[in-house]
Amino acid sequence: MTGYQETLTDPSYAGQIVVMTAPHIGNTGVNDEDPESRRIWVSGYVVRDPSRVVSNFRANGSLDDDLTRNGVVGISGIDTRAVTRRLRDAGSMRAGVFSGADASLAPEEQLAIVRGAAQMAGLNLSAAVSVQAASVTPARGERLGALAVLDLGVKQATVENLADRGFEVHVLPQDVTLEQLLAIEPVAVFYSNGPGDPAASDDHVQLLRGVLDEGLPFFGICFGNQLLGRALGLGTYKLPYGHRGINQPVLDKATGRVEITAHNHGFAVDAPLEGVIESPNGYGRLEVSHVGLNDNVVEGLRALDIPAFSVQYHPEAAAGPHDANYLFDRFADLVREHSATRGLSSPARPGVSKPRTTDEESN
Amino acid sequence: MRVILVNPNPATIMTDPDFADATYIEPIDTKHLEAIIAKERPDAVLPTLGGQTALNAAIALDEAGILAKYDVELIGAKVEAIQKGEDRQLFKELVIEAGADVARSYIVHTLDEAITAADDLGYPLVVRPSFTMGGLGSGFAHDRDELVRMVGDGLHQSPTTEVLLEESILGWKEYELELMRDTADNTVVVCSIENVDPVGVHTGDSITVAPALTLTDREYQRLRDIGIDIIRAVGVDTGGCNIQFAIEPSTGRVIVIEMNPRVSRSSALASKATGFPIAKIAAKLAIGYRLDEIPNDITKVTPASFEPTLDYIVVKVPRFAFEKFPSADATLTTTMKSVGEAMAIGRNYATALQKALRSLEKRGSSFHWGTHVAPKSELLELAATPTDGRIVTVQQAFRAGATIDEVYAATGIDPWFLDQIVLINEVAAEIASLRPLDEALFRYAKDHGFSDAQIAQLRGLTEEEVRNLRWQLGVRPVYKTVDTCAGEFPALTPYHYSSYDLETEVAPSQKRKIVILGSGPNRIGQGVEFDYSCVHASFALHDAGFETIMINCNPETVSTDYDTSDRLYFEPLTLEDVLEVIHAEATSGELVGVIVQLGGQTALGLAKGLEAAGVPILGTSPSAIDLAEERGLFSGILDAAGLIAPRNGTAVDAPSAVAVAESIGYPVLVRPSYVLGGRGMEIVYDTPSLEDYFDRVREQAIIGPGSPLLVDRFLDDALEIDVDALYDGEQLYVGGIMEHIEEAGVHSGDSSCTLPPVTLGRDVLDRVVEATGRIARGIGVNGLLNVQFAIGAGVLYVLEANPRASRTVPFVSKALGIPLAKAASLVMSGRTIAELIVDGLLPAEDGSRVPLDAPVSVKEAVLPFKRFRTREGASSTPCWGRRCARRARSWVSTRTSRGPSRRARMPPTGAFPTAARSSCRWQTATSAPSCCPCCGCSNSASTSSRPRARPRFCGATASGPRPCGSSRWARAAARTRSSISSTPTRSTS
């Protein structure tokens with residue numbers, strides 16, 4: 001019911017029309033701290049009651065102005081609950097918001113325009129949202145080393161969380177090669193959330209397999225979870241009811257604890273919820289670590305023989321509750337442990353040097 | 001699992017025999033609880049669902065070593081956690097540990113300490129006694145005099161003689177979170193609530209909205225993080241917890257105000273607002289379930305370990321009763337003063353707010369656009385002080401040209417909420433414009449919550465004309481569902497609210513449907529007793545195969561639990577809103593009719609309008625209801641039945657009233673027609689007082705040609721008898737005959753009574769039953785009937801007859817085991833009393849002749865006078881009159897009649913002004929000599945029965961209200977000695 005500014009600037013929503021179920025949107029205006037990326041990504045915005053005034057001590061602009069500045073069309077006065085119920089039953093679908101002269105087109109013509117648009121399934125949107133050039137955020141506190149973040153639509157809160165854990169965060173364009181990635185001498189690799197169909201992202205899967213072959217610790221969220229699933233040899237599928245919003249209960253199977261988490265995914269990894277299975281791609285044993293309690297969907301994967309794990313939801317939670325924030329700690333711990341193990345085997349050049357050499361050879 | 005319930009409140013559904021394995025109608029104090037524990041030997045005690053009363057009782061049991069002695073576990077919250085939450089100092093340390101902030105404060109135990117602390121904190125500052133409920137005794141002290149008075153009082157109210165003084169955060173934004181935690185440390189936030197009135201008004205007295213509307217996600221998540229840290233640090237093992245926050249609007253500084261480690265008033269509201277049943281789930285968590293093991297009641301397929309999301313706005317508005325306490329200070333402070341509340345759900349804030357305001361059923365509570373607008377400066381000054389109806393003052397101030405900045409400066413209400421009122425005024429201007437009243441304009445008005453009545457006012461039409469026009473244009477509401485998940489999953493529970501959106505979610509049904517109208521917001525004179533009857537009717541009709549449909553707007557009731565009826569509509573009880581629900585239901589199945597006689601005056605008041613609109617009314621017909629209400633018609637019935645009423649007449653203005661009074665002789669009892677709970681009812685002793693009465697009630701506009709004033713000769717030396725009965729057109733079935741312990745003149749809702757009567761002979765009872773039967777036949781009752789009689793000098797007078805559920809139905813039902821409301825609802829649906837006896841629903845013997853060895857039940861009212869202080873701080877007049885001033889009641893049943901009254905007088909919590917109660921009796925504020933210091937009594941004597949000093953009560957220093965030594969009291973006491981003690985009893989002595 002809060003967090004519209006974060007949602008609008010979340011690259012995962014690129015190319016989509018977003019319908020808000022909360023009726024009042026825009027009450028707290030917009031500010032400079034809350035955007036999750038450099039711009040608004042949604043293609044259209046549907047709300048019931050947009051605010052006429054801005055009321056918040058941090059606000060320095062109105063949502064309306066922000067949408068206008070970004071050239072994003074919004075529509076209000078809609079029975080958003082009726083739309084939501086349609087989407088629940090029929091799944092996400094193509095849609096159009098018509099304004100100006102197009103608004104007076106006949107419904108059939110409008111429908112034809114919508115039907116002429118591309119489907120989300122099979123769409124690779126990573127190039128559209130990713131940065132063109134790498135950027136670096138310095139580590140805060142005790143430095144763990146360089147972290148390669150593949151920008152498939154990364155959010156600012158993710159970068160901040162990683163930097164807070166001592167990573168020097170290198171946000172890399174989505175078309176980076178394995179060589180370019182390894183050139184920054186990362187202690188670990190991170191795949192972000194992002195828009196699109198995981199089945200259409202073969203290049204990112206190949207890159208990830210290269211990373212895993214290197215033996216580098218890996219953490220992925222959302223889209224990154226689906227790509228880890230594919231790299232390990234699992235399939236993905238489109239959910240009948242996509243997971244949206246910031247109130248999704250997820251069970252951490254390791255602790256038995258339930259966390260309330262932020263979700264935004266229409267695809268999921270296909271894996272058995274119980275037990276340990278072998279990676280079809282030869283990465284050893286793996287298991288489902290987190291399960292969505294509303295509909296028993298895979299929400300997290302953990303490899304048992306290589307240092308890699310991922311979750312389908314958003315531990316950075318912007319917007320959303322901070323229950324899953326511990327996952328960033330878990331990642332930092334994994335990297336620390338891994339470095340220590342490597343450190344024992346290769347005291348002269350602890351960290352990444354040895355596996356990288358191996359990988360260069362294997363590739 | 002064997003469940004044992006302890007509660008002396010007869011008006012609740014929970015004390016029905018069906019609800020627990022054993023129910024003890026006993027005072028909630030250490031002595032009685034120990035006896036129950038000794039007898040039942042329970043494994044555990046659950047104290048977190050019964051409010052502060054239960055929590056305090058649990059602490060007392062623990063301190064007395066009783067829990068240890070009987071090896072009873074406290075579940076839900078440990079004593080340590082309760083103390084951490086309630087003890088100000090412990091809590092403060094814990095909040096700071098959790099990385100949050102608290103207001104600067106001092107704990108004081110004496111007045112001297114308080115004065116020293118105040119020198120540091122500066123004025124104004126907040127005074128809060130520890131361990132009291134509803135903010136009792138707390139408030140703002142603006143100077144040293146106020147400080148001394150409030151701290152003195154607070155030290156008395158606090159069971160630990162401890163008061164917290166705190167830096168003022170007046171004007172900050174106020175929020176609440178409702179959290180739940182399970183044994184596995186899973187914690188969810190069920191609901192966020194934002195107070196429209198800023199800090200300074202108790203949350204129970206504030207207009208509140210859910211979800212919070214003026215927080216960014218960053219700020220909201222910060223509150224959530226703090227809340228979770230606190231619930232963990234306090235150690236609330238399982239169950240619900242409520243945390244209140246204040247946010248400085250210009251900097252965002254967050255302060256934790258307090259937390260309650262239990263289910264609270266706000267939890268009830270949050271449950272209704274979200275569809276997440278907090279209390280029910282808290283009970284399951286207390287016995288060890290985890291949140292993810294409990295299914296979400298509404299979706300059935302998803303677990304309770306989630307956070308509800310709302311695609312609608314909920315607004316709660318308080319209902320006050322300052323008209324009942326004319327001397328009380330109507331300024332809203334941190335001590336709760338409201339007596340009830342209404343909640344409304346809308347697709348936007350403007351709609352929810354307007355629906356909530358009209359749900360209050362109070363004249364002037366809705367926004368209005370009359371021709372007269374007071375000057376801006378006057379309105380702004382008025383709005384600066386929080387009082388009942390401030391929101392309407394704000395609306396008028398905008399009409400008078402005030403800007404949002406000006407109103408914000410005066411009230412501290414967030415500009416977003418203020419803009420919504422500006423918006424409502426803009427829509428009103430559009431409605432009032434020359435634009436044709438077409439579909440588009442109707443939809444624009446309706447989407448901002450305008451009622452037909454408001455549109456009528458703006459267009460100069462009648463409400464009926466507006467409604468007909470609207471219907472012709474096909475503008476009708478649709479009904480959306482409260483589903484906990486904003487449409488993410490299909491909802492199986494039909495819990496609806498109206499909106500003027502596109503799509504309706506009312507499912508068609510094959511069953512025959514009956515609509516039950518609830519009783520609206522609690523108020524003095526109309527409380528949960530009526531809800532009890534509505535709920536019983538719903539259960540009985542459901543069992544009889546009907547689909548039951550409840551309409552109500554009171555979040556404090558069982559009837560608005562979504563699982564009480566087959567369908568629940570959370571809607572205002574106005575003719576427009578009810579007609580629309582009936583239309584929606586009638587078009588989706590077969591509607592048998594509407595039950596109006598169980599919801600008190602609220603529902604009854606709609607009967608005529610519904611009938612005129614062609615809606616079938618089940619039970620006593622509206623014209624028969626009129627027979628009882630309309631004085632002239634009723635006299636005819638009495639004449640035909642050979643019964644007499646006190647001499648009486650009717651009047652529409654002061655001169656005619658004086659003429660009537662002089663012809664029948666003073667004292668006279670005056671009351672307006674069609675009101676409940678004795679509003680505007682007074683005993684008048686002479687002509688000047690009668691004229692004064694007209695002056696005082698003029699503003700309420702309750703007397704006019706359509707509703708004349710009833711003037712009765714007041715029987716000042718009589719005994720009152722109350723009868724609840726059932727009539728099916730042929731057979732009378734007496735539910736019970738109650739004898740009032742006070743003389744006639746104390747409102748039946750405020751008086752104590754015994755069942756069966758203890759001083760009335762069989763011959764009198766036979767006359768009463770016979771008379772009740774004749775009245776039932778004369779009126780043409782179908783369903784329930786309540787008759788009040790008086791006996792004076794051997795003559796039986798009929799005071800009034802009400803063909804509806806009465807306040808005493810739950811008491812009678814429980815005392816004698818006769819399910820009156822259930823039977824009544826079935827009679828209304830066409831069954832006969834004889835059939836119900838054959839079915840075993842009704843006992844073969846009715847309540848007219850209770851066996852001599854039957855238990856005696858005594859009902860005693862619980863009175864809230866100490867909450868209604870005058871501006872100087874004295875308790876408002878604790879004198880008894882015809883006006884009902886009670887809020888709750890306790891009840892005791894036993895086999896001897898001396899015991900029960902003593903126990904009934906032991907209030908469930910706190911100290912009640914029982915000394916005043918025993919002495920003031922039937923004196924009234926009108927013109928009879930007043931009888932205690934707070935209403936100017938000249939004849940007072942100190943009482944020695946109050947062991948603890950009560951500083952500053954009535955401006956006196958020694959003790960509470962004093963008996964006035966009236967001779968009539970002496971007689972009354974002597975006459976009723978068999979059932980009450982003439983020495984005031986107190987529980988805290």
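**Reading helices and a chain contact in a predicted model**

A: Helix α19 (residues 528-543) of chain B, in this predicted model, has 16 residues and spans 23 Å from its first C-alpha to its last, close to the 22 Å expected at 1.5 Å a residue.

Q: Is α19(B) mostly covered or mostly exposed, and what follows the helix?

A: In general, an α-helix has 3.6 residues a turn, so residues three or four places apart point the same way. Here α19(B) is mostly covered, with 14 of its 16 residues buried. After the helix comes G545(B), whose phi is positive, near 100°.

Q: Which residues make the contact between α14(B) and α15(B)?

A: α14(B) contributes I404(B), V407(B) and Y408(B), while α15(B) contributes P415(B), L418(B), D419(B) and V422(B). By class, this contact has six nonpolar, no polar and one charged residues.

Q: How many residues of chain B are in contact with chain A, and which elements of chain B take part?

A: The size of an interface is often given as the accessible area lost when the parts come together. Counted by residues, 46 of chain B are in contact with 40 of chain A. The elements of chain B giving two or more residues to this side are α8 (217-234) and α15 (415-432). The largest share, six residues, comes from α8(B). By class, the side of chain B that touches chain A has 19 nonpolar, twelve polar and 15 charged residues.

Note on methods. Residues are numbered from 1 along each chain as its sequence is written. Chains are lettered from A and ligands numbered from 1 in the order in which they are written. This is a predicted model: local features need pLDDT of at least 70, side-chain atom pairs count only at pLDDT 80 or more; totals for chains, interfaces and linings use all residues. Two residues are in contact if their C-beta atoms, placed from the backbone, lie within 7 Å. Helices (H or I, at least four residues) and strands (E, at least two) are DSSP runs, numbered from the N terminus. Ala, Val, Leu, Ile, Met, Phe, Trp, Tyr, Cys and Pro count as nonpolar, Asp, Glu, Lys and Arg as charged, and the others, Gly among them, as polar. The expected span of a helix is 1.5 Å times one less than its number of residues. A residue is buried if 20 or more other C-beta atoms lie within 10 Å of its own, exposed if 12 or fewer, and partly exposed in between; C-beta atoms are placed from the backbone.
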